[in-house]
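Take a moment to look over the fold as a whole. Then follow the chain piece by piece with the text below.

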Amino acid sequence: MTGPKIDPKIVDQIAEGSLVIGNAADFKKLIEAFPDRPEVHRAHGDFLFRKKKFFEAGIAFRKAGALFLETGHTLQAIAANLNKWEIVKPLSREMRALYLAIHKRDSHFNAVAECCGKMSYPEMHAILRSVKVQQLAAEEVFLSPDDPDNKLCFVVSGRVEITPEKKNKEGRICEANDFFGQVYPFEKEDRFGATCKAIFPTELIIIDRMDLMTICGNYPDVETGLRNLLADTEMPPEEKPSVYNRKTSRQNLKITLGVEIYPAEPGRSPYIFKGYTSDISLGGICLVIDPKYRDLPAGELLGRIAKLRISLPDESVGLNIFGTLAWRKNSELDGEPTTVLGIKFNEMPPRLRGLLIVFANTIGQMTASQDKEAGK
């Protein structure tokens, strides 16, 4: 192969896994011909890793990850970084840099990337700590019908064929950015009921059901994102947006809320206090407690019913929302120690969820306008 004469389709074949380059000289020519194609650097990293040239492999994975991010290939960027972190344990700033690079994009090209773009840093950090990367050889059987259906699998590259054991069900082919595995709803457990086989050398990112349940318990918005992600698979291809806009996914609103949390003991009065929204989404709210309520025993109230009241500044109009206290963590507000609470909203029809966000957004804008006029 010579640089200028290499057919660009070769890179596409490398990306889908149908072509595997097996020597350093060919990789050198490919990189010279396509220096900005992340798939080439990623494949080079895999090649160097197999040769136990770990330092050079880490450099190739880092280059691939950066280029994948530039071109909007979020899942592939995450996989490249995960492979790099298998060689050298990541620093906190590296994980945060990956999050910021994903989060700053205004739109995404598929539902998986959009789901990642909606996450807060603690949510993504928890996910990255729980997932694992698995490589499949061509023709390798990954799952059989009697295996438990207890993991969610994302195809990074390559291609897998899923063939149901029941003849009246249709099989499917999963390519890059597709996913499979019925882990939700969490209380439903079943066999996989099909044979999953790699057609080409394939890379998967996998997260187990139990890990995902734990993360969703700590971060309710992850469960909302998971439901949205699974709903996307039921949408006909012609109805899916060509670009997924992230800007409406989560509102960073600073609103004062009245809160009531009901203790477990019957007959006891609720704990009543005020807090400020850190962010609000369709699935729940992140609430910073006013420091003067720092003695609130929030740790004892996890799992309890919570009532939130969002109202106009003069409290002439308000909206009560019920949910569950899902998590807590220590924080600061204006230099004073306080607590941040995660409250998961109760189930409600989609239209009501939308009205909630519209109402909260209106209150937030009014509050910001009043603060501006007051010179705050």
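What share of the 376 residues of the protein counts as buried? The share is 44%, where buried means under 20% relative accessible area, exposed means over 50%, and partly exposed lies in between, with a 1.4 Å probe and protein chains only. This is a predicted model: local features need pLDDT of at least 70, side-chain atom pairs count only at pLDDT 80 or more, and totals for chains, interfaces and linings use all residues. Residues are numbered from 1 along each chain as its sequence is written, and side-chain values use heavy atoms, with hydrogens and water left out.

The secondary structure comes to eleven helices and 16 strands. Helices (H or I, at least four residues) and strands (E, at least two) are DSSP runs, numbered from the N terminus. Contact means heavy atoms within 4.5 Å. Among contacts in the protein with a separation of 6 or more, 67% are between residues 24 or more positions apart.

Start with the helices. Two packed helices are described by the angle between their axes and the distance between the axes. Helix H3 covers residues 38-50. H3 packs with H4 at an angle of about 160 degrees, and their axes are 8 Å apart. Axes are lines fitted to C-alpha atoms, for helices over the stretch in contact, and angles run from 0 to 180 degrees between N-to-C directions. H3 and H4 are therefore roughly antiparallel to each other. That term covers angles over 145 degrees; under 35 counts as roughly parallel, 65 to 115 as roughly perpendicular and the rest as oblique.

Which residues meet here? On the H3 side they include Pro-38, His-41, Leu-48 and Phe-49. On the H4 side they include Phe-54, Ala-57, Phe-61 and Lys-63. By class, the contact of H3 with H4 has ten nonpolar, three polar and five charged residues. Ala, Val, Leu, Ile, Met, Phe, Trp, Tyr, Cys and Pro count as nonpolar, Asp, Glu, Lys and Arg as charged, and the others, Gly among them, as polar.

Between H3 and H4 runs a loop that holds Lys-52. Lys-52 has a positive phi of about 65 degrees although it is not a glycine. Lys-52 is exposed, at a relative accessible area of 62%.

Now move on to the next pair. Helix H4 (residues 54-70) packs with helix H5 (residues 74-87) at about 160 degrees, with axes 8 Å apart. H4 and H5 are therefore roughly antiparallel as well. H4 passes H5 in a left-handed crossing. The contact includes Phe-54, Gly-58 and Leu-69 of H4, and Gln-76, Ala-80 and Ile-87 of H5. Nine nonpolar, five polar and two charged residues make up the contact of H4 with H5.

At 38% relative accessibility, Lys-63 counts as partly exposed. Leaving aside its neighbours within four places in sequence, Lys-63 is in contact with Pro-35 and His-41. The C-alpha atoms of Lys-63 and Asn-81 are separated by 9.6 Å, and the two residues are 18 apart along the chain.

Next come the sheets. Strands of a sheet pair through backbone hydrogen bonds, either parallel or antiparallel. Two strands pair here if DSSP finds at least two bridges between them. Inside, strand S4 (residues 151-157) is joined to strand S9 (residues 202-208) by six bridges. Val-155 has Leu-204 in S9 as its bridge partner.

Another open sheet of four strands has the order S3-S8-S5-S6, again antiparallel. Its edge strands are S3 (141-143) and S6 (172-174). Neighbouring strands of this sheet are turned by 30 degrees against each other on average, direction ignored. Three bridges join strand S5 (residues 160-164) to S6. Val-160 stands opposite Cys-174 in S6. In the loop between S6 and S7 lies Asn-177. Phi of Asn-177 is near 80 degrees, a positive value in a residue other than glycine.

Finish with strand S16. Seven of the ten residues of S16 (residues 336-345) are buried, so this strand is largely enclosed by the rest of the structure. Strand S13 (residues 284-289) pairs with S16 in the antiparallel sense over five bridges. Val-288 stands opposite Val-340 in S16.

Technical notes: Left-handed = near helix turned anticlockwise from the far one by under 90°.
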